Amino acid sequence: MVFSSLSFLYIFLPICLLGAFALPKLQWKNYFLLAMSLFFYAWGEPKWILLMLISTAVEYMGALVVDKNRGTTKAKVAVGVSVGVALSFLFIFKYLDFFTFNFNTIFHTNAKLLELTLPIGISFYTFQTITYIVDVYRDKAPVQKNYAYLLLYVSMFPQLIAGPIVKYADIEAQIRKRTLHGKDVGEGVLRFLVGLFKKAILANVAGEVASTFLDGDLSNLSLLGAWLGILSYTLQIYFDFSAYSDMAIGLGRIFGFQYKENFNYPYIANSITDFWRRWHISLTTFFREYLYIPLGGNRKHQVLNLFIVWALTGFWHGASWNFIAWGLYYFVLILAEKLFLGKALESIPRVFGHIYTLLLVVLGWGLFYFDDMSRLRQFFSVLFGFGASAGATAGDVSILLNHLLFFVFAIVACLPVSRYIRERYIAFGRSSVPNSKLADAGIVVFAVILLFINTAAIVGSTYNPFLYFRF
Amino acid sequence: MRHRQTDPNALPLLRYSRVGVGLLAMLLAVTMFFFVFSIFDTDATVSEQENRKLATKPAFTVSSLFAGEYIPKVEEYYSDTFPLRNFFLTVNQGISKVTSRMSFRSDDVVVVQNNQPDDFGGQSLQDVTSTSDEENEG
């Protein structure tokens, strides 16, 4: 089930809200949320839900062994085996065909591909189960003796499909005890609706523009078209992904869970290092705490550690060479910043840092977008003016002009302007008693309008006219 | 630009719990209303706006569920027969005018000149051009 669907918004959500608030005890709420989360998952993935249950069961049992044998080799073995099993599931479903295919190409063999469909959310929940057993091993979180509660942590529907990757230690206490405050619930509702707007309007429109330029015949692509395409994709991927995190954080808050922020205005970063502190924070945190530091961090063979972490960060995004290249691209940039570029950036006016970062990030999205190597090469040559069909075509200019208002709005939405408006709004609400009432009413009206627009956009996305063809 | 860590709790937007409860009640009331409405209203069978037959309730079989066919049909049925669908479609056309999306959604009927009818594999052009909503999953 996706959040931006009518079945989620107008069937699943009301039932979920009603149940979660009507049930009296926390225990009942937890079991209800678990049942709803499993239903949510099975809706999109009826076949592979079993894999998630098994994967969780393995970590559950592994952690019990760890807890009983603290400080012994047995505990180490249990962690190793459990993490190994979780990763091997991920490997089989996501990466095995990639390796088989490349093996076949290099050695001219004909090994059969499995052609399995990728279970939804497996990349996210595998990492979550790993944080559980490792946190128990490190004594950062107590062992969970109730399998259902562990499964609730893994399968909790707001963050199951596209993160953020929630660490067990961060959420463990909230499963056992959480209090609902009206303010939290209200902020959650607003956050969810804003996220839905980012997805249903901003990401989708940016995606349509990007697709027009990037998915067609690249030999017809003009220089302007290539840049419009990749800039639109830059907007789309941010709005799409951060929208999902907004909705997850908002829904979590409605039900009393506090998830950490996953994005922090990444496109205002002034260095690549800064960008990765702002983009998909839960993923970089995971790699830092569960891979980079255990490998030795910056204490020993740092360059090798960075290489491994960034190659795997790229590979995590998909089983294709372009994702590895994308990860290694950031390895090179971050290493360069550590060695000399970082200091150089500090000594020049800040604006150059922003330009440098944004340009490299946009080029990075080009690497990320094209998993077909020949198209990737062709696209980059057009982007740099080689082999472009023209500087700009009339069609490109008209698309740009038609979307000018949208582009301005979308670019502003990437900046911390909303935070500024929010702060001004709060200040206004606190200035006097009548203003406070007006501000409160304004918030409710804002929420109603957002829900209305979002619903119209989602219904509109199902608009499917029968087209006449004139031959 | 100042660089600060985002802290959603730094200054709460809502000062009173009752506003938060009001927001939740609004969300629940609206979504519940349409949910219940969709159960009891009579399903439209034809969309004049789109010039096509609307989806009907799919029959449930275990095999269609595990083949991944049943649920997309339910989704299609639910969205095709969603209460006030035509009204929301009209509103969305207004939104599209503001965002100027180039999709074919803003016109009732699009006439396409094409010499090879099989270019689109018998699908409507919408199917061919629509972008996936399920990126970033998995």
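This is a predicted model: local features need pLDDT of at least 70, side-chain atom pairs count only at pLDDT 80 or more; totals for chains, interfaces and linings use all residues.
Residues are numbered from 1 along each chain as written, and chains are lettered from A. Local features need pLDDT of at least 70 and side-chain atom pairs pLDDT 80 or more, with side-chain values using heavy atoms and leaving out hydrogens and water.

A search of the whole structure turns up 14 salt bridges over all chains (a side-chain nitrogen of Lys or Arg within 4 Å of a carboxyl oxygen of Asp or Glu). One of them pairs A:Asp184 with A:Arg253, with the closest N and O atoms 2.8 Å apart. A:Asp184 sits in helix α9 and A:Arg253 in helix α10, so this pair ties together parts 69 residues apart in sequence (helices being DSSP runs of H or I, at least four residues). Both partners are buried, that is, under 20% relative accessible area, where exposed is over 50% and partly exposed in between (1.4 Å probe, protein chains only).

Helix α9 also holds A:Glu187, which bridges to A:Arg422 at 3.4 Å between the closest N and O atoms. A:Arg422 belongs to helix α19, so the link spans 235 residues in sequence. Here A:Glu187 is buried at 7%, while A:Arg422 is partly exposed at 26%. Back between α10 and α9, A:Asp240 and A:Lys199 are 41 residues apart and form a salt bridge, their closest N and O atoms 2.9 Å apart. A:Asp240 is buried at 6% relative accessibility and A:Lys199 at 4%. Salt bridges with shared partners also join A:Arg191, A:Lys198, A:Asp246 and A:Glu261 into one network.

Notes:
Helices (H or I, at least four residues) and strands (E, at least two) are DSSP runs, numbered from the N terminus.
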